[in-house]
Amino acid sequence: MTETTKTPVPDAVPTPPPALRGLIPLPAAAARALLLAGGIATAASAYLAWTWTAEFPGDLTFNGYPGGLQWLTFTAGVLTALFALASYGIRGLGWLLPARNNAPLALTALGGFTVTWFTVIAISTKLGGVVNLEPGGWIAAIASLLPVLGAFALPQERTGTDGTKEAIKAYIAKPDRIPAAQAVAPWIQRAVITVVTIIGLGVFTYGIDTEYGELFIGYLFVVTFAMWAVHTAGLMDRFSALVAANRSFTLAMGFAAAIAFPFTQTDDHYANIGVNILIFGTVALGLNIVVGLAGLLDLGYVAFLGVGAYTAALVSGSEFSTISGVHLPFWASALAGAAASLVFGVLIGAPTLRLRGDYLAIVTLGFGEIFRIAVNNMDGDSGPDVTNGPNGIANIPDLNFFGFNFGQAHDIGGFTLGRFANYYLLMVLIMAIVVLVYTRAADSRIGRSWIAIREDETAATAMGINGFRVKLVAFALGAALAGLAGTVSAHVTYSVVPTPYQFAGSTPPNSAFLLAAVVLGGMGTVAGPLLGAALLYLLPEKLVFLQDKSLLAFGIALILLMRFRPEGIIANRRRQLEFHETGQLDVPKQTTLTDEPAVTKAGA
């Protein structure tokens, strides 16, 4: 019997992925050229007159100089052109596309298209028809469409479940054009963080300084698409690595930018917006301990803000205070407000925190309503004379801290700081204290117990964690931080009345506003509730021109955000893994302790 000779089988060669095509049948080279030319044309169109009359806000009637919304179109066009040049591998711009994908190109192009067409439609609607458009407006509309066509002619990645995404990225990445990773000098890392902080301060200041609603909407379009593009390009991950390596410096730069904000303002109204954002952001950060870390749904949290505000008002020396002759210094009234809220938090939490889920939410909702009704009836007729009932406590005097009167304007280094700017700087100091307390608590043993309770209370209790005590500490600490912010709020607003302290209302503060700020910004993070409070406070302030349609626009925006970013704008990594499947663009694959890919059953 002849023995059959076996021919050795060569190692399997991976089959390259099929050629990727975009949504529009156009060669890749032509698509990139169209994208670059369209970005440049979009930026250049901002220098043309878009309308013949100055009745539209921003005065878009000049040739040779952008105005109003044209500046946003110019910015979006420049960003599109820069990302297009980076896709060509231009030396010095490769860092803009570390992920080597085409998604940022499409997003920046969509940003320019959206803001330009929004402006054109707004001009036609406000002035009474497209006849009010000058040729420059038509040119801008066509120019902003070109980079969108070019971007969607390029292949866009899709996340699959069969592993093709990794193979596609290997072919697109072109490793020969990616330099080897090199250690970045510490001073360069800090310089990058400083530049990003300055840009962030400029973007935030521009958003607050927007003078009319159309400009603010255009600003939101450009910022949203730009940040989305930066995230998909991989720049956000790189910056997060720099922040992780320089946490103390990043925190210091963040507070330096916050301190610099009032010095960039000439109108005290914008400083008033800033101080209110910090007050509500501080309260939202306290709620983040209860909701984001401990996982307790509190629907009456605004009552703790009211307890702190009323306590400070009673001991402020106001002529309408029912405690006559008592005028404590600020540090004493702040401690009194925080302590009163802490006591109320313990009194409410002790009998109710054995409940879970919806039952706890109903009880806290009831507490919030009880507080509002109680202070409304403590007028000497329906109840004891403590809060003056619906009239509240008015004429609360301004703070005087070590001879510094917060109600008077002060000249510092050639800059004039008004009343609200003074309170803004005070809130920055209080915010620093609250952030320190939050971070230290979250990183402590009690913080890990909160997270364990949030994930699975039954399992945490089985592991020896005293669930009731841990939840009570979270409830009390969150209440104390809200009361501390309430002491400043009472002096900023000059008066305290029971009307705002309800579950939901047209204006903040209310419990629904605070809870939405935590969920929108990102539960379990420090910056998330601050960003959420800023957005939720600015939107009603800037969208007044929509009148009764503002809530509709706000609701649509929330639905879109919850659909595409359910973990919040600034996501906690644990929650990001809960909301997204492993293998998507923004979630890394699970690895073993040695950073090797985890072996699946299929590949075992």
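Predicted model: local features only at pLDDT ≥ 70, side-chain atom pairs only at ≥ 80, totals over all residues.
Good morning. In helix 18, Phe-513, Ala-516, Ala-517, Val-518, Leu-520 and Gly-521 are in contact with Gly-528, Pro-529, Gly-532, Ala-533, Leu-535, Leu-536 and Tyr-537 of helix 19. Sorted by class, this contact comprises 10 nonpolar residues, three polar ones and no charged ones.

Helix 18 spans residues 511-521 and helix 19 spans residues 527-542; their axes come within 7 Å and cross at roughly 120 degrees. Perpendicular pairs are taken to end at 115 degrees, and helix 18 and helix 19 are therefore oblique to each other. The crossing of helix 18 past helix 19 is right-handed.

The second pair is helix 14, residues 419-442, and helix 17, residues 467-492. Their axes lie 11 Å apart, and the packing angle is about 175 degrees. Helix 14 and helix 17 are therefore roughly antiparallel to each other. On the side of helix 14, the contact is made by Arg-419, Phe-420, Tyr-423, Leu-426, Met-427, Ile-430, Val-434, Val-437 and Ala-441; helix 17 contributes Leu-477, Leu-481, Leu-484, Val-488, His-491 and Val-492. By class, the contact between helix 14 and helix 17 has 13 nonpolar residues, one polar and one charged.

As to spacing along such a contact, an α-helix has 3.6 residues a turn, so residues three or four places apart point the same way.

Finally, I come to helix 11, residues 302-314. This helix has 13 residues and reaches 19 Å from its first C-alpha to its last, close to the expected 18 Å. Helix 11 is mostly covered, with 13 of its 13 residues buried. Thank you.

Key: Residues numbered from 1 in each chain as written. Heavy atoms only, no water. Axes fitted to C-alpha atoms, helices over the stretch in contact; angles between N-to-C directions. Helix = DSSP H or I, 4+ residues; strand = E, 2+ residues; numbered from the N terminus. Parallel < 35°, antiparallel > 145°, perpendicular 65-115°, else oblique. Left-handed = near helix turned anticlockwise from the far one by under 90°. Contact = heavy atoms within 4.5 Å. Nonpolar A, V, L, I, M, F, W, Y, C, P; charged D, E, K, R; others polar. Expected span 1.5 Å × (residues − 1). Buried < 20%, exposed > 50% of the residue type's maximum accessible area, 1.4 Å probe, protein only.
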